[in-house]
Amino acid sequence: MNVSEFRRRGKEMVDYVADYLEGIEGRPVYPNVEPGYLRPLIPTEAPQEPEAFEDVINDIEKIIMPGVTHWHSPYFFAYFPTASSYPSMLADMLCGAVGCIGFSWAASPACTELETVMMDWLGKMLQLPEEFLAGKAGEGGGVIQGSASEATLVALLAARTKVTRRLQAASPELSQAAIMEKLVAYFSDQAHSSVERAGLIGGVQMKAIPSDGKFAMRASALQEALEQDKAAGLIPFFVVATLGTTSCCSFDNLLEVGPICKKEDMWLHIDAAYAGSAFICPEFRHLLNGVEFADSFNFNPHKWLLVNFDCSAMWVKKRTDLTGAFKLDPIYLKHSHQDSGLITDYRHWQIPLGRRFRSLKLWFVFRMYGVKGLQAHIRKHVQLAQKFESLVRQDSRFEICAEVTLGLVCFRLKGSNQLNEALLQRINNAKKIHLVPCNLQDKFVLRFAICSRMVESAHVQFAWEHIRELGEDVLRAEKE
């Protein structure tokens, strides 16, 4: 493909993408395929000779689209949103064209510097404490990770290194292995599975703290676990507080947990993967109160801030806590400005070496939507969730299972878990809308998350009427 054909095909692809998104409502939200559907549709080996672009494009509809779950359909209410917008897609095109691998400032100065500034912009939108911002001479700063899972792991590994060095400085005879076997980290029993997985990868014990009646981690339960573990000779060193849990969007009590972490000299990491985007709205900013106690904070603009995956925003109060844990400097990566104090090399802030020019997406979206446009997007989703909650509450056969704070509604038919499992199966088999479940206090619960940028009140109304009809079918079948 030469440049003239690229110009022509690029315009065709933009038209295809625009047509796809414009007509996405007419596609089944969930595919009607079985595992292994794709392999028989394509050759067993790559072609020896080049094929025509038209043939590739034609195969998208024949082979790929039948197996796509359409996350941006206005009938997709599963998981949490994955963000998408035209400015972000255009920025991704530019990122692919520039194609830099921004592991250091020298590898592409704009890639590093724009990320530093965009993370400061975003931190100010959230009203983060000044310590989290890089500014011109700050000790903290932000970095774009690939996912919240990576951010949690990076924070845990940095905390592990920090506590190990502190203990060895006080007691040089202590080996790293002797310390590691006693380290213990804590998280709410409502935290995402990626938190426990970080402990598996990091080789440290992880303990789930029982949540309260509102599915939040509180000080009393955390303090009890700490006392037991310290009495057993263990070393508490790391706590993950979740703001907006995956199951039901509950919020751990930062104002209680934070002071304990400070008193016990434990690293506090905040995972606000979904809910963090809402904190740019003044009416939701109070949900972040207590962030001043944290050592690191993370949320995903690629969930709810109209920035396409992947773009997970992480801040630390002291960037040397990260660079001190991950810094290796082979001669082929060194450059003349790395010790100037004026720039940072993001390879020291993350697990991989290579990194894409992801800050372009933030730059495009922030400039083309403005803070007010992003706030309007968040508020619309919250209002649609409140509409769905209101519809559920009007039907006495259903119940709301957790407080509705943002864009997620947890609900179920009053009755057995089997009844609700049957309802969800009917919903997803019908393929008119798509939902996923959760478990809350041993109850099988349906989650209704407002996801698509294109979802409107009419789609929510349709979804509720569809759910109610299928609920009637399930209740009727139970009586027969």
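Colleague: Which strands form the open sheet, and in what order?

Modeller: Keep in mind that this is a predicted model. The open sheet has four strands, ordered β8-β9-β11-β10, with antiparallel pairing.

Colleague: What makes β8 and β10 edge strands?

Modeller: Each of them, β8 (398–400) and β10 (436–440), has a single partner strand, so one side of each is left without a neighbour in the sheet. From one strand to the next, the twist averages 40°.

Colleague: Which helix lies across β8, β9 and β11?

Modeller: That is α12, which runs at about 15° to β9. Helix α13 (residues 417–430) also packs on the sheet, where it touches β8, β9, β10 and β11.

Colleague: Why is α4 called roughly parallel to α12?

Modeller: Helix α4 (residues 109–125) and helix α12 (residues 359–393) pack at about 25°, their axes 9 Å apart. Angles under 35 degrees count as roughly parallel, so α4 is roughly parallel to α12. Their crossing is left-handed.

Colleague: Which residues make that contact?

Modeller: Among them are L114, M118 and W121 of α4, and W363, F366 and V371 of α12. By class, the α4 contact with α12 has 13 nonpolar, one polar and two charged residues.

Methods. Residues are numbered from 1 along each chain as its sequence is written. This is a predicted model: local features need pLDDT of at least 70, side-chain atom pairs count only at pLDDT 80 or more; totals for chains, interfaces and linings use all residues. Side-chain values use heavy atoms; hydrogens and water are left out. Axes are lines fitted to C-alpha atoms, for helices over the stretch in contact, and angles run from 0 to 180 degrees between N-to-C directions. Helices (H or I, at least four residues) and strands (E, at least two) are DSSP runs, numbered from the N terminus. Angles under 35 degrees count as roughly parallel, over 145 as roughly antiparallel, 65 to 115 as roughly perpendicular and the rest as oblique. A crossing is left-handed if the near helix is turned anticlockwise from the far one by less than a right angle, and right-handed if clockwise. Contact means heavy atoms within 4.5 Å. Ala, Val, Leu, Ile, Met, Phe, Trp, Tyr, Cys and Pro count as nonpolar, Asp, Glu, Lys and Arg as charged, and the others, Gly among them, as polar. Two strands pair if DSSP finds at least two bridges between them.
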